[in-house]
Amino acid sequence: MEKTHRESVFSVDTQHVGVLDGLRALGVLIVLWFHFWQQTWLMPAYPTPFLKWIGIAQIYPNSLRRCGYLCVDLMILLSAFVLYLPYARQMFLGTPVDSIKQFFKKRFARIVPSYLLVVLITFFVALFEGYYAGRPAFAWKDLLTHLTFTEMFFNDTYLFAGVTAVVWTVCIEVGFYLIFPWLARAFQKLPLLVYAVMMLLGLAFTFGIALRIAEPRVMVNRFFTFLPVFANGMMAAHLYVLYAARVKHKAIPSVFGSLLAVASCIAVYLLFSMCASAWKEQQVWQMKYRAVLSFAFTGMVLGFAIAPKPFRKILDNRIAASVAAVTYNLYLWHQWLMVRLRMSFGAKSGSDIAEKGANTQWALTIIALITAFLVAVLITYGIEQPISRLILKKRKGSPYARNQ
């Protein structure tokens with residue numbers, strides 16, 4: 001009986017890694033927090049009377065708020081982890097993986113319907129409002145590059161698009177999908193070599209090209225600067241399944257996982273603080289430390305994933321799973337909706353909202369948060385999932401895999 005209890009506490013699931021739901025939800029909410037702060041300048045401090053005995057009267061999470069966009073890297077790392085997980089399972093546990101055709105079919109069903117919806121709606125709103133007035137050529141370029149996931153190849157469609165700004169991340173992801181089935185096979189055969197090549201290519205591009213460009217904002221989010229993040233995500237999945245397949249006595253390693261998770265969270269916070277201190281050089285800092293930050297995120301993923309179940313419950317629970325289910329559409333829509341709501345308050349910028357006072361700042365933040373979640377829920381369950389099931393020929397009521 002004790003053996004069963006120990007297995008129930010320390011065993012890990014390689015098919016669905018529940019803590020990823022919590023990490024994904026946390027990452028998107030921190031990005032959302034950053035974008036909402038940009039439109040409100042709301043910077044509250046949180047009293048902590050229970051910590052006065054150690055000299056902490058309040059928590060002022062300035063670095064998380066000002067550099068929340070760094071959690072996009074966490075989302076990309078989680079994507080690489082999830083994509084490579086079936087290949088790691090095949091390697092160590094002998095389970096099958098999808099064919100290349102099925103892989104692309106699943107990616108299309110998961111990504112494209114919601115992406116096309118947000119691109120078309122935000123484009124035609126911008127067109128109607130006159131954003132492209134006198135620039136018909138740019139309007140066509142903006143639309144066509146976004147429809148073909150090529151907007152990142154052009155500085156104007158990346159920096160000055162009428163389409164909602166956050167979709168650049170989908171372009172990066174699609175670029176990764178296009179090479180992933182073959183990259184994953186190579187990673188299976190020579191994991192250390194492929195990992196090293198991905199890491200070196202990413203660092204060489206970052207330090208040899210991107211950081212030498214006079215305008216860092218046009219280079220900070222290029223595909224090759226994310227190669228170390230993708231590499232660490234794939235290696236994390238590789239090590240996780242290796243752990244599950246080979247480690248027999250899991251109590252001590254699981255406790256170590258808890259310590260690793262805590263240490264990695266501290267490291268992430270310290271890196272965010274460094275970024276906040278960089279002030280006007282934050283994009284340069286981001287490129288220099290992107291690989292370092294991805295190591296800290298990897299520690300969080302592996303630490304939480306192998307920790308004892310009670311510790312995992314911090315991230316692996318129903319609330320986290322419910323939020324994670326709508327994070328894709330929450331991410332796609334939150335910034336655009338917040339900007340529209342800020343404009344409805346008669347404000348041209350976050351400073352205008354700040355001048356109206358704390359009540360207005362809080363009101364706009366709460367309204368935007370509720371609106372963003374409602375839109376995300378409606379699109380996820382009313383459009384994304386039904387279309388995805390239709391494409392994949394799944395019956396209504398069949399399980400819908402967020403990580404498919």
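Leaving aside its neighbours within four places in sequence, which residues is T206 in contact with? I looked this up before anything else. T206 touches L211, T225 and M287, taking contact as heavy atoms within 4.5 Å.

A note on what I'm working from: this is a predicted model, where local features need pLDDT of at least 70, side-chain atom pairs count only at pLDDT 80 or more, and totals for chains, interfaces and linings use all residues. Residues are numbered from 1 along each chain as its sequence is written, and side-chain values use heavy atoms, with hydrogens and water left out.

**T206, continued.** I find T206 in helix α9, residues 191–208. My helices are DSSP runs (H or I, at least four residues), numbered from the N terminus. T206 counts as buried because its relative accessibility is 3%; the scale is buried under 20% relative accessible area, exposed over 50%, partly exposed in between, with a 1.4 Å probe and protein chains only.

**α4 on α10.** I then checked how α4 (residues 71–93) packs on α10 (residues 227–246): the angle is about 40 degrees and the axes are 7 Å apart. Axes here are lines fitted to C-alpha atoms, for helices over the stretch in contact, and angles run from 0 to 180 degrees between N-to-C directions. That makes α4 and α10 oblique to each other, given that under 35 degrees is roughly parallel, over 145 roughly antiparallel, 65 to 115 roughly perpendicular and the rest oblique. The α4/α10 crossing is right-handed, i.e. the near helix is turned clockwise from the far one by less than a right angle. By class I get 19 nonpolar, three polar and three charged residues in the contact of α4 with α10. Ala, Val, Leu, Ile, Met, Phe, Trp, Tyr, Cys and Pro go down as nonpolar, Asp, Glu, Lys and Arg as charged, and the others, Gly among them, as polar.

**α10 on α12.** What about α10 and α12 (residues 282–306)? They pack at about 25 degrees, axes 9 Å apart, so I call them roughly parallel. α10 passes α12 in a right-handed crossing. From α10 the contact includes P228, N232 and Y243, and from α12 it includes R290, F295 and I306. The class tally for α10 with α12 is eleven nonpolar, three polar and one charged.

**Cysteines.** I searched the whole structure for disulfides (pairs of cysteine sulfur atoms within 2.5 Å) and got zero. For C71, the nearest cysteine sulfur is that of C67, 10 Å away. C71 is buried, at 4% relative accessible area. C265 is in no disulfide either, with the sulfur of C71 nearest at 11 Å. At 30%, C265 is partly exposed.

Notes: Helix = DSSP H or I, 4+ residues; strand = E, 2+ residues; numbered from the N terminus.
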